[in-house]
Amino acid sequence: MTETLLVELSKVGVRIGSTQILRDVDLEIRAGEVVGLFGANGAGKTTALRLMATLIRPAQGTGRVLGADLTSPERYDVRRRIGMIGHTPGIFPELTLGENLQYAARVAGVPTDRAGESLAAVGLAGASDRLAGASSHGMQRRTEFARELMIDRSLLLLDEPHSALDRDAVDLVEGLIARKAAEGGAVVVVSHDRDRINKIAHRSVELSGGTLS
Amino acid sequence: MTTGFWHQVTAVINRDLLRERRRGDVLWITIPFGAIALLLVPLAIGTDAILLRQIGPGMYWVIVMLFGVLVAVGKASSETLPQQDASALLGLDPAAGFVGRAASATLLLLIFETVVGLVAVGLYDVSIVGVPWLIITLLIVAIGLALLGTLTGSIVNSTSAGTALVPLLVAPLSVPLLLGATQSYEGLRLGHSILSWVLLMAAVVLVVAIIGVLTARPLQET
Amino acid sequence: MQAQTLNRRWPWVAIVLSLTIAFVFAMISPAADSLQGFERVRIMYVHVPAAWLAYLAFFVTFGGSVGYLITRNLRWDRIAAASAEIGVYFTGLAIALGMIWGKSTWGVWWTWDARLTLTAIMFFVYLGYLALRRTTDDSVLRAGRAAVLGVLGAVQIPLVHFSVIWWRGLHQGPSVVRADGPAIQDPLMLTALIVGVLAFTVVYVSLMVKRIELIHLEDRKAAIDQSIERPVAGEAVTVPDLGGSS
């Protein structure tokens, strides 16, 4: 398998306003890798994920994700191939779990019948008509995983993926991570549960002082 | 703008209208608020029928402009950062997002204008004249306010002021629409041609639409 | 060093000189307006140039905003902001003088005629622009958002101008730029008005030069700030310590 570089960050710094969050970050992630990202509270882990998701521009250094320069308009073209599940669910509480997935399918340009299949795959087939706002945090998380199952992603960014999930859902998450790596994608997992992540990750990096080690 | 672009626009419209149907902010809060405002004015300035007939059309358009801001702002700024991130990573074209949000706001504003208009007719004895041109005026005003609200909502997104600043930004920018709408009604009432006013409002709408589409990507960056 | 000092002083010299010349012309122009009275008409020599300067300033804000959106160079943003600041002040001056003129001429402070009202609207548009700039200290975010609003606000400017023609309010029509030639027939009055407009243009340019000097200093400060290695945000978080001394 060709080891394609999916993420290349070189001396990248990120500032938000006048606050330096990341500094001199060097990171390369290849296809097929699962990388654990650890760090203390406030270390900038979420910022690092959003940077790799092309949602933040670097203030210093150079970065490419899926071949797209993080400072150029081409980063818009690769977003469809990047999945991210953050701390707070990015779904709409006024829509049902099924409607959230159908919306995602329409925007992403995938057949909407995949929504039902994906929801069933994460064990929520019977909850498709439940409002997301009336669903538990764990169910909302599962819905987000269903979204990532539905769409073909090359890079998956997961922020505390195990939080609020029951044992079955945890197995689902780890299965999804393994499958993505096997398909030639890459996964970056932020977590405080080092033991669990180190079992599934190929390697881990530590974010400290704004930089990676 | 490909077919994919319009599919995304449709998806955003469906999403926002569904959210409004479930939340009911516009239908159950903003519209009654606009109606109450029309009710309060005669209580403050007098209930003389002739006076109310004179000021009624203008009061109606002022209510549409001021409260229309709330309709447009509600739709434009009710996405949290995680929701915006999720939509961005679905490959949502920022311009499609803008057009979709403005379109759904337009539909809600048309409903607002219609219901509040009927209240104005009832309370102020305003006559309905030149129906075809009146409909065109209502439509253009709705589109213009929706575009302004959606665009300024995007402008203040991720700033500390948030939605509080939007009315201050939208209200003065909506004045050309206000003047065009009031002059159009007056022209219809007197039997004059209002084509120039309609074209003026259409020009404002066109400019805001172009600016909104062209700046959708830069405004998405946080 | 002396050349630098001269460089900093000349805008002030230019302002004083141009305003002095404008003042002289305003005072020596005849009191030809029998309706408005001898002295009242002289307000025009400040009111009209102030209004012209307001339009000019906001046009430059528009240009700076477009410049930033194209180049992403913060220098354009600072020019746009500087021009908006100057524009807001002179729009306020034009409105205030218009109100004084209106009170003495028509007996009311505010006439609700189209141009005066729309000028007031323009004033609020750019107040909103400055208010928006205050909502974030992220210079890139601020520049982008303000640039879009600067372009949007510029739509107002032609509307204010043409409103005199389209809505025909109490405000007198355009005095100089008309299809059938200037309404002011007395050459000295016309000259005084044109000199006033030129003088205020010099004032604007001079103020912009001084403001841009400040911009250079801000740029240098920003560059120094960027080069200083500051602690990253995460370093403020330390290991908790619940224990006291034993």
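Reader: How many residues of chain B are in contact with how many residues of chain A?

Author: Two residues are in contact if their C-beta atoms, placed from the backbone, lie within 7 Å; by that rule, 21 residues of chain B are in contact with 24 residues of chain A. This is a predicted model, in which local features need pLDDT of at least 70 and side-chain atom pairs count only at pLDDT 80 or more, while totals for chains, interfaces and linings use all residues. Residues are numbered from 1 along each chain as its sequence is written, and chains are lettered from A and ligands numbered from 1 in the order in which they are written.

Reader: Which helix gives the most to the side of chain B that touches chain A?

Author: Helices (H or I, at least four residues) and strands (E, at least two) are DSSP runs, numbered from the N terminus. On this side of chain B, helix H1 (3-23) and helix H4 (81-89) each supply at least two residues, and H1(B) gives the most, with 9 residues.

Reader: At what angle do H6 and H9 of chain B pack?

Author: Axes are lines fitted to C-alpha atoms, for helices over the stretch in contact, and angles run from 0 to 180 degrees between N-to-C directions. Helix H6 (residues 131-156) of chain B packs against helix H9 (residues 195-214) of chain B at about 25°, with the axes 9 Å apart. H6(B) is therefore roughly parallel to H9(B), a term for angles under 35 degrees. Among the residues that meet are Ile136(B) and Leu151(B) in H6(B), and Val198(B) and Gly212(B) in H9(B).

Reader: Which residues have the most contacts inside the largest nonpolar core?

Author: A nonpolar core is a set of buried Ala, Val, Leu, Ile, Met, Phe, Trp, Tyr and Cys residues joined through C-beta atoms within 7 Å, where buried means that 20 or more other C-beta atoms lie within 10 Å of a residue's own. The largest such core has 197 residues, and Leu157(A), Val189(A) and Ala57(C) have the most contacts inside it. Its largest share, 15 residues, comes from helix H2 (residues 44-71) of chain C. Leaving aside neighbours within four places in sequence, Leu157(A) is in contact with residues including Leu49(A), Met52(A), Ile82(A) and Val188(A).

Reader: How many helices and strands does chain C have?

Author: Chain C has 7 helices and 0 strands, and 36% of its 246 residues count as buried. Among contacts in chain C with a separation of 6 or more, residues 24 or more positions apart account for 78%.

Note on methods: Angles under 35 degrees count as roughly parallel, over 145 as roughly antiparallel, 65 to 115 as roughly perpendicular and the rest as oblique. A residue is buried if 20 or more other C-beta atoms lie within 10 Å of its own, exposed if 12 or fewer, and partly exposed in between; C-beta atoms are placed from the backbone.
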